[in-house]
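User: Please take a close look at a single part of this model and describe it in one connected answer.

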Amino acid sequence: MADDPKVREWKRRLLAKGADVAKQLEDVLAGKDVDFAGIPELGTADKELRLRRFLELIDRGIKRADTGRFGRCAVCGEELPPAVLDERPWTERCSKHAT
Ligand SMILES: [Zn+2]
(Lines give C-alpha, C1' and ligand atoms only; values in the text may rest on other atoms or scores of the structure.)
Protein backbone atom coordinates (compact mmCIF):
# COMPACT_ATOMS: atom_id res chain seq x y z
CA MET A 1 0.00 0.00 0.00
CA ALA A 2 1.30 3.41 -0.88
CA ASP A 3 -0.25 4.86 2.28
CA ASP A 4 1.30 2.25 4.59
CA PRO A 5 3.68 4.19 6.89
CA LYS A 6 6.38 1.49 6.58
CA VAL A 7 6.22 1.64 2.78
CA ARG A 8 6.34 5.44 2.96
CA GLU A 9 9.50 5.15 5.06
CA TRP A 10 11.12 2.67 2.64
CA LYS A 11 10.20 4.92 -0.25
CA ARG A 12 11.75 7.89 1.57
CA ARG A 13 14.96 5.89 2.02
CA LEU A 14 14.94 4.86 -1.65
CA LEU A 15 14.61 8.49 -2.71
CA ALA A 16 17.49 9.50 -0.41
CA LYS A 17 19.62 6.59 -1.66
CA GLY A 18 18.80 7.49 -5.26
CA ALA A 19 20.05 11.03 -4.64
CA ASP A 20 23.28 9.66 -3.12
CA VAL A 21 23.87 7.26 -5.99
CA ALA A 22 23.13 9.96 -8.59
CA LYS A 23 25.84 12.06 -6.92
CA GLN A 24 28.24 9.10 -6.97
CA LEU A 25 27.52 8.62 -10.66
CA GLU A 26 28.28 12.29 -11.24
CA ASP A 27 31.62 11.83 -9.44
CA VAL A 28 32.49 8.73 -11.49
CA LEU A 29 31.71 10.64 -14.69
CA ALA A 30 33.93 13.47 -13.43
CA GLY A 31 36.76 10.98 -12.90
CA LYS A 32 36.70 11.24 -9.10
CA ASP A 33 37.23 8.38 -6.68
CA VAL A 34 33.99 6.87 -5.43
CA ASP A 35 33.49 4.59 -2.44
CA PHE A 36 31.52 1.54 -3.62
CA ALA A 37 30.85 0.17 -0.13
CA GLY A 38 27.22 -0.88 0.07
CA ILE A 39 26.65 -0.74 -3.68
CA PRO A 40 25.53 -4.11 -5.06
CA GLU A 41 27.74 -5.61 -7.78
CA LEU A 42 24.88 -6.06 -10.26
CA GLY A 43 26.88 -8.22 -12.62
CA THR A 44 29.37 -5.67 -13.86
CA ALA A 45 32.86 -4.43 -13.07
CA ASP A 46 32.16 -1.15 -14.88
CA LYS A 47 31.70 1.61 -12.30
CA GLU A 48 29.38 3.75 -14.36
CA LEU A 49 27.18 0.82 -15.44
CA ARG A 50 27.07 -0.51 -11.89
CA LEU A 51 25.76 2.82 -10.59
CA ARG A 52 23.30 3.18 -13.47
CA ARG A 53 21.93 -0.31 -12.80
CA PHE A 54 21.65 0.48 -9.11
CA LEU A 55 19.75 3.68 -9.93
CA GLU A 56 17.33 1.65 -12.07
CA LEU A 57 16.88 -0.82 -9.21
CA ILE A 58 16.14 2.03 -6.81
CA ASP A 59 13.79 3.64 -9.32
CA ARG A 60 11.81 0.41 -9.73
CA GLY A 61 11.49 0.24 -5.93
CA ILE A 62 10.12 3.78 -5.82
CA LYS A 63 7.58 2.87 -8.51
CA ARG A 64 6.54 -0.26 -6.61
CA ALA A 65 5.98 1.83 -3.50
CA ASP A 66 3.41 3.80 -5.50
CA THR A 67 1.60 0.78 -6.90
CA GLY A 68 1.04 -1.33 -3.80
CA ARG A 69 3.42 -4.10 -5.01
CA PHE A 70 6.20 -3.06 -2.69
CA GLY A 71 7.93 -5.63 -0.51
CA ARG A 72 6.97 -8.75 -2.45
CA CYS A 73 9.22 -11.13 -4.37
CA ALA A 74 9.03 -10.39 -8.11
CA VAL A 75 9.07 -14.14 -8.83
CA CYS A 76 6.80 -15.81 -6.26
CA GLY A 77 5.02 -12.84 -4.66
CA GLU A 78 6.12 -13.84 -1.17
CA GLU A 79 6.41 -10.99 1.33
CA LEU A 80 10.00 -9.94 1.94
CA PRO A 81 11.13 -9.73 5.59
CA PRO A 82 10.87 -6.13 6.89
CA ALA A 83 14.41 -6.45 8.31
CA VAL A 84 15.72 -7.05 4.77
CA LEU A 85 13.79 -4.06 3.44
CA ASP A 86 15.05 -1.90 6.31
CA GLU A 87 18.59 -2.67 5.21
CA ARG A 88 18.06 -2.82 1.42
CA PRO A 89 14.68 -1.35 0.45
CA TRP A 90 15.55 -1.93 -3.23
CA THR A 91 15.35 -5.73 -2.73
CA GLU A 92 13.16 -7.33 -5.43
CA ARG A 93 13.37 -11.02 -4.65
CA CYS A 94 13.04 -13.38 -1.69
CA SER A 95 16.07 -15.40 -0.55
CA LYS A 96 14.89 -18.39 -2.63
CA HIS A 97 14.81 -16.36 -5.85
CA ALA A 98 17.71 -14.00 -5.21
CA THR A 99 20.06 -13.88 -8.21
ZN1 LIG B 1 10.48 -15.61 -4.38
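Analyst: Just after helix α2, G68 takes a positive phi of about 80 degrees. The model is predicted, so local features need pLDDT of at least 70, side-chain atom pairs count only at pLDDT 80 or more, and totals for chains, interfaces and linings use all residues. Residues are numbered from 1 along each chain as its sequence is written.

Helices here are DSSP runs of H or I with at least four residues, strands are runs of E with at least two, and both are numbered from the N terminus. Helix α2 covers residues 47-67; at 1.5 Å a residue its 21 residues should span 30 Å, and the end C-alpha atoms are 31 Å apart, which agrees. That expected span is 1.5 Å times one less than the number of residues.

A residue counts as buried if 20 or more other C-beta atoms, placed from the backbone, lie within 10 Å of its own, as exposed if 12 or fewer do, and as partly exposed in between. In α2 the buried residues are R50, L51, F54, I58, G61, R64 and A65. Seen down the helix axis, they fall within an arc of 140 degrees, so they line one face of α2; the arc is that of the directions from the axis to the C-beta atoms. The face turned away from this buried side carries the exposed residues E48, E56, D66 and T67.

In the loop between α1 and α2 sits P40. P40 is partly exposed, with 13 other C-beta atoms within 10 Å. Its C-alpha lies 9.3 Å from that of R53, although P40 and R53 are 13 residues apart in sequence.
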